[in-house]
Amino acid sequence: MARSVNQKKLFIRLALIVLLVVICLALFYFGREHDVLIDNRTVTIGGNEYKEIEYMNVVVDGDEEKSGEYYAGDRDMMKLKGPSHKIKVIVMDEESEKVIKTVERSLNIGAARGVMYSLPAIVAEASEIALPMPKEEAPEPDSSEESGASGSEETQPGSEEQQTPISE
């Protein structure tokens, strides 16, 4: 009898631990912030070329705060929380503000830390709209840093160029 009670307690404890782990994973997945790059440049995806668009307005999740105007050649980053979003692209004539075309699309980011989407591909209603993330180029080290110099030039006491403090 005592053995079956201990087994039940053990089972309940294990079930609670598994439940906590599942809740933690769900909170991580649905609460994660993603870096989303929105690109309005001429690109080739899957052999199809999509030309940059002169002027458009983009609204994400129907939130006017997450909207922006994009001109040809623009690329912008926004931070979005959660795995899925809706994007609305409104192509307009820049001078008259007349709407030429409106496209709505669902974006499923999933668990990716960052993604980049092509606005011209979204407007063309292409099946593939994701682009590879640009690689961050590390700045080339100065030759003075390689030789052990700090890079900032400080004057030593007794040198010809002494700095005088500015008094107020």
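Modeller: Strand 1 is joined by 7 bridges to strand 6 (residues 75-81), and these two run antiparallel; strands here are DSSP runs of E with at least two residues, numbered from the N terminus, and two strands pair if DSSP finds at least two bridges between them. The model is a predicted one, in which local features need pLDDT of at least 70 and side-chain atom pairs count only at pLDDT 80 or more, while totals for chains, interfaces and linings use all residues. Residues are numbered from 1 along each chain as its sequence is written, and side-chain values use heavy atoms, with hydrogens and water left out.

Strand 1 also pairs with strand 9 (residues 114-118), through 5 bridges, and here the two strands run parallel. To place these pairings in the model, find D35, which stands opposite K79 in strand 6, and then V36, which stands opposite V115 in strand 9. Of the 7 residues of strand 1 (residues 33-39), 6 are buried, so the strand is largely enclosed by the rest of the structure; buried means under 20% relative accessible area, exposed means over 50%, and partly exposed lies in between, with a 1.4 Å probe and protein chains only.

The whole structure holds 4 salt bridges, each being a side-chain nitrogen of Lys or Arg within 4 Å of a carboxyl oxygen of Asp or Glu. In one of them the side chains of K79 and D35 meet, at 2.7 Å from N to O, and this pair links parts of the chain that are 44 residues apart, with K79 in strand 6 and D35 in strand 1. K79 is partly exposed, at a relative accessible area of 44%.

D39 takes part in a network of salt bridges with R41 and R75. The closest N and O atoms of R75 and D39 are 2.9 Å apart, and this pair again links strand 6, where R75 lies, to strand 1, where D39 lies, across 36 residues. Between D39 and R41 the N to O value is 3.6 Å. D39 itself is buried, with a relative accessible area of 1%, whereas R41 at 34% and R75 at 33% count as partly exposed.

N40 is buried, with a relative accessible area of 0%. Polar atoms of the N40 side chain lie 2.8 Å from the backbone oxygen of I53 and 2.9 Å from the backbone oxygen of Y71.

Y55 and Y71 form a tilted aromatic pair, with ring centres 5.1 Å apart and 40° between the planes; rings of Phe, Tyr and Trp (its six-membered ring) pair if their centres lie within 6.5 Å, and planes under 30 degrees apart count as stacked, over 60 as edge-to-face and the rest as tilted. Y55 belongs to strand 4 (residues 55-60) and Y71 to strand 5 (residues 63-71), 16 residues apart. Y55 is buried, at 2% relative accessible area, while Y71 is partly exposed, at 32%.

Notes: Helix = DSSP H or I, 4+ residues; strand = E, 2+ residues; numbered from the N terminus. Polar contact = N/O pair within 3.5 Å; in protein donor to acceptor, adjacent residues only side chain to side chain.
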